[in-house]
Amino acid sequence: MPKIIAGPILRAVNESGITVWIVTSVLSPIKLVLKDTHGACLFEQELNSTQHQSVQVGERAFIQVLHVQPESKLINGDRYFYDVITVDQSGKETSASVSLKDILYEQHSCMSFVFKSEISNLLHGSCRKPHHQSDDGLLAVDDTLKNAFNNPSDQPDMLILSGDQVYIDDVAGPTLCAIHNVIDQLGLFHEDLPLEGLENSAKLTEHEHGYYQRPMLLPDDVASETVMSYFFAAKKKPIFTSVNANNHLISLAEVIAMYILVWSPEMWQTAIMSDKNIADEFKEKFAQEKADIEAFSQGLYRVRRALAHIPVYMIFDDHDVTDDWNLTRGWEDAVYNHPFAKRIVGNAILGYWLCQGWGNDVDKISPLTEKLSSHFTDSGLINHDETIDAILHWDQWHYTLDTAPKIVVLDTRTQRWRSESSLVKPSGLMDWEALCDLQQELINQPSVIMVSAAPIFGVKLIETVQRIFTFFGKALVVDAENWMAHKGTASVILNIFRHYKTPPNFVILSGDVHYSFVYDITLKFRRNSPHITQITSSGIKNEFPDTLIRWFDRLNRILYGPRSPLNWFTQRRNMTIKHRKPGKQKIRTLYNGSAIGLLKVDKNCKNVDASLLRANGETVKFHQRD
């Protein structure tokens with residue numbers, strides 16, 4: 001068993017210090033070495049309990065965050081070198097740069113990164129589904145970093161992942177087999193489950209519905225009959241709404257194993273993906289998915305290398321937890337009033353905290369870490385229901401980066417503006433209080449890069465279709481999660497853009513939708529209107545049905561083009577929206593293909609270039625209308 005089984009992933013970096021995330025198979029002292037661009041040592045010592053925080057999630061699994069602050073501040077634009085060194089009981093030291101195969105780029109003896117407080121070149125994307133039949137967009141990050149050693153001007157400043165880093169609700173059968181292998185090998189802690197006939201998560205691997213039939217296990221409890229009848233127009237329907245929930249993850253152990261498998265190659269080397277426990281009717285699908293997953297896993301050494309060499313920031317969207325997470329008030333009532341449904345959602349958010357949220361801002365999240373870490377002991381999970389309650393009440397997942405331009409990352413999932421009139425109407429993506437806090441972050445800023453999982457300005461035709469379905473009480477059918485779906489939220493966010501102290505220039509980075517586009521937006525009837533560039537890059541490894549997106553693109557141009565009178569019946573009557581064209585396209589505005597987004601911008605966000613980098617080396621640039 002290797003000592004480091006996932007990571008290292010470089011997380012938050014600022015002038016005061018760096019944060020590194022790793023998962024190890026043993027808990028031992030750790031040294032971190034940090035050197036400046038000239039090789040002078042800035043930090044080299046064994047980390048104390050403040051600098052080195054750990055949560056044990058299995059007999060041989062420790063999720064750890066290393067957070068160090070050297071005496072001298074980091075300098076904008078300089079390259080820094082670092083290493084993570086584990087120390088065993090005999091005092092023997094093992095360097096990650098040496099022990100991890102392929103973690104380094106050629107001609108380098110140590111991991112490195114470039115610190116930038118003035119943002120000019122930023123990578124971003126969302127929606128990475130391992131078994132989707134497309135290339136992994138994160139491989140383009142590896143290519144970009146490798147090329148930047150010879151072309152420093154192309155060095156990206158950071159990578160922002162804006163949702164669906166994992167698909168908890170949509171898992172391939174072979175991946176689920178690998179997950180259970182990881183659980184066994186690492187001794188990931190099992191938990192008692194509030195479900196008759198499946199009282200402990202250890203039984204999931206042997207249950208007759210454990211593979212491809214998990215909707216038979218997922219709750220659709222008649223105890224919440226009143227809510228369910230309004231919510232689903234029926235008395236008994238599944239609470240979890242993903243159409244691909246056949247292998248929906250349930251336990252915390254499954255969630256942790258999933259994170260280990262999507263970011264690092266180590267555990268794949270011993271993973272056994274056998275169809276022994278797969279029912280005959282699913283074996284053909286299993287074989288197809290196995291080929292896709294094997295192709296995905298072969299590129300993970302490059303993904304791990306990339307994530308170790310660039311600051312990485314993350315925020316969740318729905319698939320990091322489950323499809324339609326908190327979409328409507330009725331959905332919330334159905335889930336959080338059902339013990340088993342609540343447990344499933346809570347386990348996914350615990351996984352987000354441990355594997356994503358923790359590294360964004362260690363200090364901000366420290367109250368949650370202090371409260372929950374005592375629930376993880378060397379003998380297993382204790383007071384798990386209390387742990388779930390605590391994580392569900394935490395609402396400080398949003399954060400800002402003190403860069404130029406300032407980066408503001410929104411939580412559009414846990415602070416929702418719930419409908420008071422109907423259980424089935426979509427909730428606003430942020431409530432009034434959260435939007436007021438957002439406005440305070442924006443006031444008097446010269447420019448801002450805002451990260452919102454869902455596009456604030458989306459494809460109007462698709463939003464109209466969602467509105468029609470919502471009118472008939474079917475918001476869940478079309479994932480009606482757009483900023484304009486809730487009147488209160490739409491009004492407030494647009495008023496924020498209209499405020500006279502609002503930054504004159506915005507860039508909005510989004511994902512979620514599985515296609516990519518760029519809009520340039522100005523507000524009518526306002527002196528000194530802010531210029532807003534909405535850039536949507538989705539997905540990293542996911543795509544929209546191609547025929548359908550072609551029709552949506554064509555009809556959207558016809559019905560809601562810049563000169564269409566239909567815009568006067570929407571929130572866009574007071575805006576001018578220009579669509580950029582992808583690549584060599586002269587007509588189409590939507591791009592459908594797995595890639596990572598590239599933003600090039602000056603510190604005032606006046607000059608904004610947007611491109612997509614594909615794993616095959618292709619660059620797709622969005623160009624403005626002539």
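The dialogue below asks how the labels on this predicted model follow from their definitions.

Tutor: This is a predicted model, so local features need pLDDT of at least 70 and side-chain atom pairs count only at pLDDT 80 or more, while totals for chains, interfaces and linings use all residues. Residues are numbered from 1 along each chain as its sequence is written, and side-chain values use heavy atoms, with hydrogens and water left out.

Student: Happy with that. What makes E1, E2, E6 and E5 an open sheet, and in which order do they stand?

Tutor: Strands here are DSSP runs of E with at least two residues, and helices are runs of H or I with at least four, numbered from the N terminus. Two strands pair if DSSP finds at least two bridges between them. E1 and E2 (residues 17-24) are joined by six bridges and run antiparallel, so they meet that rule. Val 13 stands opposite Ile 18 of E2. The order of the four strands is E1-E2-E6-E5, with antiparallel pairing. Strand E1 (4-14) and strand E5 (52-58) each have a single partner strand, so one side of each lacks a neighbour in the sheet.

Student: How are neighbouring strands turned, and which helix packs on this sheet?

Tutor: On average, neighbours in this sheet are turned by 15° against each other, direction ignored. Helix H5 (residues 252-263) packs on the sheet and touches E1, E2, E5 and strand E6 (61-68); contact means heavy atoms within 4.5 Å. The direction of H5 makes about 80° with that of E1. Such axes are lines fitted to C-alpha atoms, for helices over the stretch in contact, and the angles run from 0 to 180 degrees between N-to-C directions.

Student: Why is the contact of Glu 15 and Lys 73 called a salt bridge?

Tutor: A salt bridge needs a side-chain nitrogen of Lys or Arg within 4 Å of a carboxyl oxygen of Asp or Glu. Glu 15 and Lys 73 have N to O at 3.6 Å, so the pair qualifies. Glu 15 sits in the loop between E1 and E2, and Lys 73 in the loop between E6 and strand E7 (79-87), so the pair ties together parts 58 residues apart in sequence. By this rule the count comes to 25 salt bridges.

Student: Which salt bridge joins residues that are both buried, and how is it linked to others?

Tutor: One of them is Arg 305 with Asp 142, where the closest N and O atoms are 2.9 Å apart. Arg 305 in helix H7 (residues 300-307) and Asp 142 in helix H2 (residues 138-148) are 163 residues apart. Arg 305 and Asp 142 are both buried. Through shared partners, salt bridges join Asp 142, Asp 143, Arg 302 and Arg 305 into one network. Another example is Arg 128 with Asp 136, at 2.8 Å between the closest N and O atoms; Arg 128 and Asp 136 are buried too.

Student: What makes strand E24 largely enclosed?

Tutor: Five of the six residues of E24 (residues 608-613) are buried, so the rest of the structure largely encloses the strand. Strand E23 (residues 596-601) pairs antiparallel with E24 over six bridges, and Val 601 stands opposite Val 608. Six residues lie between E23 and E24 in their hairpin, and Cys 605 in the turn has a positive phi of about 60°. Four bridges join E24 to strand E25 (residues 619-623), again antiparallel, with Leu 612 opposite Val 620. That hairpin has five residues between the strands, and Gly 617 takes a positive phi near 95°.

Student: How do you know that Lys 276 is exposed?

Tutor: Its relative accessibility is 71%, so Lys 276 counts as exposed. Lys 276 lies in the loop between H5 and helix H6 (283-298).

Key:
Buried < 20%, exposed > 50% of the residue type's maximum accessible area, 1.4 Å probe, protein only.
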